[in-house]
Amino acid sequence: MISQKKEVQTFVAKLLRTDRLGAEEIFNAVQEQGSMPQTVDQLILPALETIGQGWEKGTVALAQVYMSSRICEELMIHVPLSTALQHPGYPRMAIAVLDDYHLLGKIIVSACLRASGYAFQDYGRVTSQELACKIKNDSIEIILVSALMLRSALQIKEVKRLLVEAGSPTRIVVGGAPFRFDPLLWKEVGADAMGANAAEALSAISSCIKTM
Amino acid sequence: MMGKRQGAIMTAMERVLTTLGYQEPDRVPFFLLLTMHGARELGLGIQEYFAKAEYVVEGQLRMRRKYGHDCLNPFCYAAMEIEAFGGEVIWFEDGPPNSGEPIIKTATDIFSLQAPEVHSSPCLNRVLNIIHSLKEQARDEVPIIGTVISPFSLPVMQMGFSAYIELMYEQPELFDRLMEVNQEFCVNWANAQIQAGATAICYFDPLTSPTITAPGVHLEKGFAVARQTLARIQSPTAFHLASGRTLAVVDDIIATGSAALGVSTTEDLGEVKAACQGRMAVLGNFNGIEMRRWTPQQAEDKVREAVAKAAAGGGFILSDNHGEIPWQVSEEVLLALAEAVHTWGRYPLVDC
């Protein structure tokens with residue numbers, strides 16, 4: 001356990017310094033000792049969680065969160081598909097940004113999802129009507145929505161309304177600056193959970209799966 | 001710098017200058033950084049409102065009459081600088097416009113990028129006309145706060161956040177070229193606003209905040225750019241990290257020569273005031289997002305709390321933490337804030 005913690009700490013330090021080669025060395029060493037699911041559970045996820053907590057506390061910068069998630073995503077891309085982790089019984093998921101060209105939050109969460117072995121559809125930038133329509137057409141069970149502006153965050157009310165009208169049970173997980181600044185906003189717009197960072201988004205997905 | 005005129009009601013300009021000189025004026029100055037609300041005052045849509053300088057001038061004057069705050073704000077929308085570079089602006093009925101598709105997609109785009117000529121740009125000229133008219137109306141009694149986006153932060157709209165972060169880490173030559181163009185534009189744009197009548201310039205630089213950039217090479221780059229840029233702006237400046245954390249970089253910001261600092265709502269106003277004591281005034285730090293659902297009583301409580309933490313001895317301007325009050329914040333809350341500043345912000349301070 002102690003050695004695992006040390007490995008995670010060293011891995012986090014390499015990620016925060018954007019040391020791709022150093023991070024890859026640790027990743028490969030952990031992978032050789034066990035299976036890919038173990039590497040994800042014991043290295044990638046704890047590292048992303050630590051970095052997410054650092055972002056919450058103000059000790060880690062957004063640029064570091066972004067670069068760390070990209071490096072983890074790259075490491076997972078090099079893993080042969082046959083051995084890549086596939087979450088057993090994972091729900092149909094998608095990710096989207098509402099009415100905004102600032103896509104950083106979506107990119108970070110997407111990278112963390114891929115690095116954690118989740119499959120999902122990327123809807124890119126959509127309006128609330130487009131999003132509700134895509135969710136229904138694709139029978140999406142969990143939708144992750146990123147919003148940078150307050151008005152975009154408030155649009156999620158409309159998405160929720162359209163989904164309820166259609167009798168859709170889709171769970172909505174939201175994230176982005178407005179939700180971080182107003183911790184009651186996610187409930188107000190009718191979301192099922194809020195992720196203040198990518199690690200919290202992963203936890204929110206797990207919670208949604210348990211209650212589905 | 002003028003001292004306090006005991007018992008006299010100061011003009012907004014006297015009040016702000018006194019507090020910037022670390023003395024106590026007649027009451028705590030407050031900046032309601034209202035942009036879109038002027039459209040509501042005039043019964044216009046947001047896009048229609050920003051299309052004519054005379055609308056914004058009238059909106060700013062009416063809002064100041066209504067709320068009695070201590071500045072005029074000719075800033076229209078952040079995407080305007082991208083519009084000046086030839087980029088797309090996307091309008092909404094209930095919020096500020098966004099910048100559209102990035103104008104920089106390749107390295108070639110950076111090498112061919114040219115700073116727009118301020119006086120040839122219709123949108124920038126509109127702001128200069130706004131400032132000129134406000135100056136005529138307010139004379140020297142109310143500060144007019146011009147605004148620029150820093151050369152270091154503008155690329156978020158020019159090329160997208162993720163591409164820019166990667167550029168910072170991996171392509172220093174392209175980064176330097178981009179800074180060169182943006183800095184030329186920023187200096188010219190700021191000084192044109194000063195020449196039109198702006199009293200001071202607010203330098204918006206969220207990327208220099210440790211919330212966004214890590215300590216190390218890119219943070220150093222941000223401050224290097226800020227120091228060079230601010231040294232060429234011919235007026236006092238306020239450094240605003242637009243909700244980003246400030247405490248860890250207070251000394252770096254003071255070194256840029258800025259007169260005031262916009263403080264994040266995630267930080268303790270008293271701690272930041274103590275860190276800046278006598279060296280730089282603090283501006284903040286109401287949570288603009290939460291403000292949307294405050295009651296008038298909560299607004300009053302927030303004013304009392306902020307005054308208690310940061311107003312003693314001057315050097316404090318009450319404001320929001322981001323530099324723009326969201327469209328969804330009600331007139332009722334804004335009036336409650338204004339009333340509370342007049343009640344609880346009077347010097348000498350009562351026990352808040």
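**Reading strands, a helix and an interface**

Me: In S3(A), which residue is the bridge partner of Ile95(A)?

Reply: The bridge partner of Ile95(A) in S3(A) is Leu144(A). Helices (H or I, at least four residues) and strands (E, at least two) are DSSP runs, numbered from the N terminus. This is a predicted model, in which local features need pLDDT of at least 70 and side-chain atom pairs count only at pLDDT 80 or more, while totals for chains, interfaces and linings use all residues. Residues are numbered from 1 along each chain as its sequence is written, chains are lettered from A and ligands numbered from 1 in the order in which they are written, and side-chain values use heavy atoms, with hydrogens and water left out.

Me: In which sense do S3(A) and strand S4 of chain A pair, and over how many bridges?

Reply: Two strands pair if DSSP finds at least two bridges between them. S3(A) and S4(A) (residues 171-175) pair in the parallel sense over five bridges; Val145(A), for instance, has Val174(A) as its bridge partner in S4(A). From S3(A) the chain passes through helix H7 (residues 150-165) of chain A to S4(A), in a right-handed β-α-β crossover. Right-handed means that, with the strands pointing away from the viewer, the path from the first strand over the helix to the second runs clockwise.

Me: Which residues point each way from S3(A)?

Reply: In a regular strand the side chains alternate between the two faces of the sheet. Ile142(A), Leu144(A) and Ser146(A) point one way from S3(A), and Ile143(A) and Val145(A) the other way. All of them are buried (under 20% relative accessible area, with exposed over 50% and partly exposed in between; 1.4 Å probe, protein chains only).

Me: Why do the buried residues of H15(B) line one face of the helix?

Reply: An α-helix has 3.6 residues a turn, so residues three or four places apart point the same way. In H15(B) (residues 296-310), Ala299(B), Val303(B), Ala306(B), Val307(B) and Ala310(B) are buried. Seen down the helix axis, the buried residues of H15(B) fall within an arc of 100°, so they line one face; the arc is that of the directions from the axis to the C-beta atoms.

Me: How many residues does the contact take from chain A and from chain B?

Reply: The contact (heavy atoms within 4.5 Å) takes 33 residues from chain A and 35 residues from chain B. The area buried between the chains is about 2,800 Å², of which carbon and sulfur atoms give 61%. Buried area is the accessible area (1.4 Å probe) that two parts lose on being put together, summed over both. In chain A, Tyr101(A), Arg151(A) and Phe181(A) lose the most area to chain B, together 26% of what that side buries.

Technical notes. The expected span of a helix is 1.5 Å times one less than its number of residues.
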